[in-house]
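Have a go at each task before you read its solution.

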Amino acid sequence: MSLVRSAEPSAATYRNPKLYSLKGSGDGAVLSTPVFGPHNHKPMYMVDTYCSESYEKYFLDSPTEELIHPANSGTSDSLENQSPETSDYTDDTVRLKLQELERALLDDNDVDEYDMFGADLSMEIDGAWSNRIRRELLHDSPKESTSSDSNLSSITSNKEVSHVSPRTPKQMLINCAAALSEGNIEEASTIINDLRKMVSIQGDPSERIAAYMVEGLAARMASSGKYLYKALKCKEPPSSDRLAAMQILFEICPCFKFGFMSANGAIIEALKGEKRVHIIDFDINQGNQYIALIQTLANQPGEAPRLRLTGIDDPESIQRPIGGLEMVGLRLEKLAEIFGVSFEFQAVPSRTSIVTPSMLDCRAGEALIVNFAFQLHHMPDESVSTINQRDQLLRMVKSLNPKLVTVVEQDVNANTSPFFPRFIEAYDYYSAVFESLDATLPRESQDRINVEKQCLARDIVNIVACEGEERIERYEVAGKWRARMMMAGFKSCPMSSNVIDMIRKLIKQYSDRYTLKEEFGTLHFGWEDKSLIVSSAWR
């Protein structure tokens with residue numbers, strides 16, 4: 001079986017409208033995320049033909065021989081294999097000291113949680129993945145160590161890692177990652193070639209995720225991860241009237257969708273009694289989150305507040321060819337006019353890392369709200385640079401004295417963990433995502449294939465194949481986000497019971513395997529026992 005078969009347009013379309021727009025009544029309207037105009041026009045996001053280029057262009061250009069003997073000697077470009085002569089000793093020393101400080105501040109095994117939070121809280125920080133790896137891969141191994149200080153290298157040998165059948169795609173992926181972590185390029189290449197004959201992007205969830213993860217491993221071996229990451233078009237819309245694959249993902253995967261809904265719910269609660277509101281979105285994309293927000297404001301009793309929205313996006317964004325931020329602003333302004341909501345849009349074409357308070361035009365008398373939806377994980381932290389843009393941004397936002405800050409992120413440790421445990425963590429996480437999509441859309445759905453190919457595969461490749469500054473997708477678990485927010489001076493603002501109750505009702509309309517739980521003021525949206533998305537509010 002080849003890795004990639006030509007994806008024929010699906011003959012079956014989505015016949016269940018609840019997968020795209022779930023409207024509540026009364027207060028529940030805040031949780032609706034319509035992707036159509038106010039007159040119930042047909043959805044505008046169908047992309048059955050927009051990705052016509054063969055997937056082989058991105059993943060299968062290089063012959064096998066190039067992977068076995070890559071020009072750059074495998075992963076020599078990664079930070080893990082840099083020689084001391086090629087790096088700045090002083091900067092590396094400072095970075096190591098900062099990482100030690102981070103562990104001292106954030107590791108739940110070393111922090112007195114009562115002193116830090118004022119209650120006996122359990123933080124979900126880096127130790128979680130190591131326990132899961134040992135349970136999953138070493139439960140029958142005579143070499144398993146019960147010491148929390150044991151070196152993870154003891155589990156990298158593919159002769160030790162598992163007693164799952166060695167020919168399942170999952171075990172072959174683990175063996176391949178273990179071989180790469182040991183520098184065994186020849187063995188890894190053999191496994192990759194075997195895997196490509198077994199998996200398909202149109203198969204069951206285990207085959208689909210294996211198809212993408214094997215290419216992440218191949219890209220790591222060939223040091224081509226950063227080019228592949230840039231080639232996949234997750235945010236780029238095929239035309240001005242169609243949504244990007246990323247926006248479709250947010251619609252068809254309930255966990256992503258409910259993350260936006262909960263953020264909107266918290267924002268609406270904060271707007272009560274306000275006459276003028278300024279929302280700053282640090283990664284507005286196509287602005288779809290605000291379609292529901294504007295509609296909800298129009299349906300609220302009394303006069304809606306005057307809404308000013310500042311949208312920030314990289315000036316080199318791939319949305320630029322179809323109008324970029326200007327197009328987003330015009331679309332939202334037209335919608336607000338139809339619904340009778342006073343609305344003003346301000347575009348800030350800038351990289352987030354260089355945004356300053358003066359660029360945001362905050363005005364006296366406005367209630368300020370800041371929205372971070374799937375954005376903060378793109379900011380490098382202290383493990384990448386001594387500048388630590390992630391915490392620097394949070395401190396800058398705190399200096400603006402916002403009434404509310406919303407944070408929506410993926411709940412997975414893909415930031416500071418070394419390659420092999422990060423690979424296991426990524427497989428565990430994205431397996432749940434792929435399985436959840438299986439309950440939402442048919443396997444032959446072209447939209448589903450495009451979303452998995454352009455968005456999920458893009459993240460997987462970056463997490464698996466890249467290191468250092470090239471690794472952009474640096475997700476963290478809920479406990480670390482909580483610690484970062486609190487260290488920046490924010491206090492948790494739990495979601496209201498109205499928001500939580502409405503989302504619980506909507507989840508039941510999808511599948512009883514989707515879950516919602518609240519811990520320490522943070523909402524966890526998951527698939528079965530795996531938390532996928534976390535949403536929280538702060539002030």
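**Exercise 1.** Sort the residues lining the second largest cavity into nonpolar, polar and charged.

*Solution.* Start with the list: Val407, Ala478, Trp481, Arg482, Thr522, Val534, Ser536 and Trp538 line this cavity. Helix H17 (478-487) and strand S8 (530-538) are the elements that each give two or more residues to the lining. Next, sort them: Ala, Val, Leu, Ile, Met, Phe, Trp, Tyr, Cys and Pro count as nonpolar, Asp, Glu, Lys and Arg as charged, and the others, Gly among them, as polar. You get five nonpolar, two polar and one charged. The volume of this cavity is about 50 Å³.

This is a predicted model, where local features need pLDDT of at least 70 and side-chain atom pairs count only at pLDDT 80 or more, while totals for chains, interfaces and linings use all residues. Residues are numbered from 1 along each chain as its sequence is written, and side-chain values use heavy atoms, with hydrogens and water left out.

**Exercise 2.** Describe how helix H12 (residues 289-299) packs with helix H13 (residues 324-339).

*Solution.* First, take the geometry: the angle is about 20 degrees, and the axes are 10 Å apart. H12 and H13 are therefore roughly parallel (an angle under 35 degrees). Then find the contact (heavy atoms within 4.5 Å): H12 brings Tyr290, Ile291, Ile294, Gln295 and Ala298, and H13 brings Leu332, Leu335, Ala336 and Phe339. Finally, sort the contact residues of H12 with H13: eight are nonpolar, one is polar and none is charged.

Terms used
On a 1 Å grid over the protein atoms alone, a cavity is a set of points where a 1.4 Å probe fits but cannot get out, and a pocket is an open set with protein on both sides within 12 Å along at least five of seven lines; lining residues have an atom within 4 Å of a point. Grid points are joined across faces, edges and corners, and a volume is the space filled by probe spheres set on the points. Helices (H or I, at least four residues) and strands (E, at least two) are DSSP runs, numbered from the N terminus. Axes are lines fitted to C-alpha atoms, for helices over the stretch in contact, and angles run from 0 to 180 degrees between N-to-C directions. Angles under 35 degrees count as roughly parallel, over 145 as roughly antiparallel, 65 to 115 as roughly perpendicular and the rest as oblique.
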